Amino acid sequence: MQASDYDDVTTFLGEWGSFQKRIMLLLCISAIPNGLSLFSIVFLADTPAHHCAIPSNANISAEWINYSIPLEEDKGVMRYNKCTRYKLDVIQRLSDNRSVPGIDVNVTEIEQESCKDGWEYDKSIYVSTIVSEWDLVCSDAWKVPVITSTCFFGILGGSFISGQLSDRFGRKIVLFGTIGLHTLFTFILILSTSWFMFSALFFFVGMGGLNTFLIAFVLGAEILTPCLRTIYSTVGISIFFAIGYMLLPLAAFFIRDWRMLLIAINVPGVFYLPLWKLIPESPRWLLSQGRVEEAEAILRAAARKNRVTAPEVIFQPLQTENKTEKLSRHNVGDLVKSKNIRWITIMLSFVWIAVSIGYFALSLNSSNLHGNPFLNCFLSAAVEVPGIILSWPLLRSCSRRLCLFATLFLGGVLPLFTLLIPRDLKLVSIALEMMGKFGFSVAFTIVYPFTAELYPTVLRNTAVGTCSMAARLGSIAAPYFLYLGTYSKSLPYILMGGLCVLGGLLSLLLPETYGMPLPETLDHMQTIQRFKKTQNSNTLSGDTTAVENDSVF
């Protein structure tokens, strides 16, 4: 059955009945826990101000304690060195001799040593983070991007597995399975006793995290009507994700201990699990598996909910016949089986990587910006809302390819200008980063439906999951892009900007889906591509109006 056939058959449900309202609301709510947890590492692993600890039993005078740690310039301000101190035995001897620092002794000439007795952390912002608990600073600072990347490795594996599982076993069971996995391992994460244990558990948290969003996105796109599909896939689920994201700095502001913060942001997932009975399986997926009676049962229940009468026979036998593909099994190999689909998959994967690097790098960098880290994180989340709202009219009226190119170019180039801003104009730098984040938010909102439009129902969730898996390569790399900033402030922005501009250029080579029907089978996908090429060469003799009326968005 073609997408237009399915939409025509189910028009008896209406556009905006009780059934559609309930499904749209419940699936949108599922994105709130994702927004809360995805960037929680910004606060869980933030690095408080710190310096070498001086043991209380060191028997050093108060005057010499003040001079026991070298000073260094940090962003124009003199602060204690974070990773070294003057040799403690020398300081003790000078203190015992009652030498006066700066008069009797040139302190800067004293030999330095590492922080052998640990560090003292500023507690004015955080009570504790995983950095302060396990001393992930100085020579161990590399462990922080490793921990962050571990979560994204989990999302990477989950994207690959959950996409294929939901195409084989159904959207609903995998949706709630990933929510359960994420909730369970987040609670176990609280029991971590070392950074290595935290990383291992964080991997499984990642497996269940963002993949919930991917499956809910596909499930809603397949259940809802064409008109609502636009609202749901752009403004709907994305706005609720942004709401969860904005709630994160609010929770972190009131809860400054990392373990208690994990408990707080995990509560919404616990309350979502009992909603199992209220969310149905995708009728489109059931039809693709030949389970016509189950699909009809869901639609009849929806009709009763909307107080309309369903036809005695919803799907005619001819509409459900497709012995060559409907009942066949599909896997990730189908994404590269034919030359046409293979090149689409390769180019689209790179676009996802570029979007992901820019989006996650700027999001994770919010705590490193000048000013209050909670306010900066909130602004980073809030700027997504106008981006999401703007993507709705763009999807309804503009070329997908041009939209992706423009937003990737905007997101990649604007942060580069922060390198030209004087140090005293910090608010201007923050504004430019937020404008870049705005561009990436629009790009991310567009690339999801664009990917779903390109691939057929029998392979759609696998395709979205695989492209998301490619995007995870970008999110895995993003923490290391930021880590490069410790060596060169300009390097992260230059690399990110170049990749995003290249990704935008590649997006112009992808097939256009605006005004095209949603494909149901691989053969139908190939037909749509042939139709596009024929239409572009002005050799199509049929009426294109009908095709435009079947547009997904």
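# Close-ups of rings, cores and charges

**View A. Start with Phe-360, which is tucked away inside the protein.** Phe-360 has a relative accessible area of 1%, so it counts as buried (buried is under 20%, exposed is over 50%, and partly exposed is in between, using a 1.4 Å probe and protein chains only). Keep in mind that this is a predicted model, where local features need pLDDT of at least 70, side-chain atom pairs count only at pLDDT 80 or more, and totals for chains, interfaces and linings use all residues. Residues are numbered from 1 along each chain as its sequence is written, and side-chain values use heavy atoms, with hydrogens and water left out.

View B. Rings of Phe, Tyr and Trp (its six-membered ring) pair when their centres lie within 6.5 Å; planes under 30 degrees apart are stacked, over 60 edge-to-face, and the rest tilted. That rule gives 24 aromatic pairs.

**View C. Phe-43 and Phe-374 make a stacked pair.** Their ring centres are 5.4 Å apart and their planes meet at 10 degrees, so they count as stacked. Phe-43 is in helix 4 and Phe-374 in helix 18 (residues 373–382), which puts the partners 331 residues apart. Both Phe-43 and Phe-374 are buried. Who else does Phe-43 touch? Leaving out residues up to four places away in sequence, its contacts (heavy atoms within 4.5 Å) include Tyr-126, Leu-248, Leu-261 and Cys-377.

**View D. Here is the largest nonpolar core.** A nonpolar core is a set of buried Ala, Val, Leu, Ile, Met, Phe, Trp, Tyr and Cys residues joined through side-chain atoms within 4.5 Å. This one has 129 residues, and Phe-39 and Phe-43 are among those with the most contacts inside it. Helix 17 gives the largest share, 13 residues. There's also a second, separate core of twelve residues, including Tyr-86 and Leu-88.

**View F. Glu-222 and Arg-171 form a salt bridge.** Salt bridges need a side-chain nitrogen of Lys or Arg within 4 Å of a carboxyl oxygen of Asp or Glu, and the count comes to eight. In this one, the closest N and O atoms are 2.7 Å apart. Glu-222 lies in helix 11 (residues 210–223) and Arg-171 in helix 9 (residues 171–189), so the bridge ties together parts that are 51 residues apart in sequence. Glu-222 is buried, at 0% relative accessible area, and Arg-171 is buried at 0% as well.

Methods: Helices (H or I, at least four residues) and strands (E, at least two) are DSSP runs, numbered from the N terminus.
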